[in-house]
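This report describes a predicted model. It treats a pocket, aromatic contacts and the overall fold in turn.

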Amino acid sequence: MAEIRKSTIVSGLLWKFAERILAQLVGFALSIVLARILDPSAYGLIAIVNVFTAITSVFVTSGFSTSLIQSQRVDETDFCSIFWAAMFVSSIIYAGMFFISPCIASFYKEPCLTPIIRVCSLILFIGAFNSIQGAYVSRHMQFRLFFFASLFGSLGSGAIGIVMAILGCGVWSLVAQSLANSLINTAVLFFFVPWKPRLLFSIESAKNLMGYGWKILASDLFGTIYNNLRTLILGKVYTTSDLAFYSRGQSFPDLLSTNISSTLSAVLFPALSKISDDMDSMKIAFGRILKCVSFAVFPIMTMLIVVARPLVAVLLTDKWIDCVPFIQIIAVARMMDIVPSQNLQVIRALGRSDIALKLEFIKKPLCLIVTLVSCMFGIKAVAFSWVVCAFIEVLVDVYPNRLLIGYGYRAQTTDCLPALFLSLVMGASMLLIGIMPLPPFSLLLLEVIVGAVVYLGLSYAFRLSAFFELLTVLRGALGRTE
């Protein structure tokens, strides 16, 4: 049974990693093409809209789907009940967004936001359907379906966005791309996921599942509002172009670190939920996860900090060069973020959604104060507030696991330090390459190659356990038929 579980987890990790990295890299590459065509101000407008769609989407995707994944036993009635509840909530929220969109447009003094918000908010209905599909896929560990859905969604929506941008549709190119991505993703899953919505609903079923889910929903809502607060403030205080540089700078580290972290979270949450009654196994499994995540994220973020300027020059052209400082600052924060994010997954897997909610009410007010104070010192200070807040979240989110599974600050720091040390050595070697007078593309390529060779070589020389564990996983995956 343990071997079957390990095989399933490894397979899930590989498919989920492919979905979050390989498939999304296609979407990111297409977004680079769009960024070269469109004016930065268009991205500033869509960044404001994305804040409201992100916050409202939490109501229909977070607690509903999470409760289906975490529960030990669910049936057809449970899935359908949660689906219709999510669609009902989507209808109410969409109506609210439709009527308050003129007020939002007036607040930001951008009249065009009214129709954009009304159209973008349609994603609520798509997201409600997709979240239930995602819960089914996660419960059955069929993560290859996520890969194909995401890949087709990225390709299809990217093509639509590029064609519309070339035709001069401006910000509507980004609106169409976002909606098309979600719609295609959901359509692909509709054909391959066995579960389909039926006219079944049980108040008792929905009530029982949401007894757990509402705490996760509240926790995620609080976190989402906080995470998007900077964008709301920047959109009001600074120009849409300033906001575009900030958002574009944030997208680079987010694509890499957040996707790696969320890949592990999506796969390991249902897996850890199955061993939540064995604290020793949970501690061992989480320790290995944290080592592997830090081994992957630390060097990538360090590399991104060093190559940010030539990377932007090559991919986005010099018109986006002002986003370089934001890439570097937020990359530091993302290195720190992996610790609290993975600790929260353990807490949730243990069924302690009450603790997860309490943690949000402890750390978010502190981080809110840091964010508001940073606004007085300029847009770069707002970006740096991510670093300070990440440190606060480390202090808060690690503490419960010190008591729950006996894996606290000292042990987690010790497990992360080797990857951090080798990443810093790698970064120093790349900086030496950076002083060479080379064209941006040549410099970028040489720095990446040298950095990879140094990091992997040192990992082998120092016999890092995470290096050999990931190597074993990859070798095993290559030998699999499934």
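## Second largest pocket

The second largest pocket is lined by F298, M335, M336, V339, V394, V398, Y409, Q412, T413, C416, L417 and L420. Its volume is about 300 Å³. Sorted by class, the lining comprises 10 nonpolar and two polar residues, with no charged residues.

Three helices each contribute at least two residues to this lining: helix 11 (324–349), helix 13 (379–404) and helix 14 (409–434). The largest share comes from helix 14, which supplies six residues.

## Aromatic pairs

The predicted model contains 19 aromatic pairs. One of them joins F79 and W195, whose ring centres are 6.1 Å apart with 40 degrees between the planes, a tilted arrangement. Because F79 belongs to helix 3 (residues 76–108) and W195 to the loop between helix 7 (171–192) and helix 8 (203–237), the pair ties together parts that are 116 residues apart in sequence.

F286 is buried at 1% relative accessibility, and Y407 is buried with a relative accessible area of 3%.

## Aromatic cluster and charges over rings

Ring pairs also build a cluster that consists of F79, F83, W84, F129, F190, F191 and W195. F79 and W195, described above as a tilted pair, are thus found within this cluster.

Two charged side chains sit over aromatic rings. The charged end of K236 is placed over the ring of F107, at 4.5 Å from the ring centre. R463 lies over the face of Y460, and the distance to the ring centre is 5.2 Å.

N130 is located in helix 5 (residues 123–139). With a relative accessible area of 23%, N130 is partly exposed, because this class covers values between the 20% limit for buried and the 50% limit for exposed residues.

When residues up to four places away in sequence are not counted, N130 touches N185, T186 and L189. For L189, the separation from N130 is 59 residues in sequence, while the C-alpha to C-alpha distance is 8.0 Å.

## Overall fold

The secondary structure of the protein chain consists of 16 helices and zero strands. Of the 482 residues in the chain, 53% are buried.

Terms used: Residues numbered from 1 in each chain as written. Predicted model: local features only at pLDDT ≥ 70, side-chain atom pairs only at ≥ 80, totals over all residues. Heavy atoms only, no water. 1 Å grid on protein atoms, 1.4 Å probe; cavity = no way out; pocket = protein on both sides within 12 Å on 5 of 7 lines; lining within 4 Å. Points joined across faces, edges and corners; volume = space filled by probe spheres on them. Helix = DSSP H or I, 4+ residues; strand = E, 2+ residues; numbered from the N terminus. Nonpolar A, V, L, I, M, F, W, Y, C, P; charged D, E, K, R; others polar. Phe/Tyr/Trp six-rings, centres within 6.5 Å; stacked < 30°, edge-to-face > 60°. Buried < 20%, exposed > 50% of the residue type's maximum accessible area, 1.4 Å probe, protein only. Lys NZ or Arg CZ within 6 Å of the ring centre and 35° of its normal. Contact = heavy atoms within 4.5 Å.
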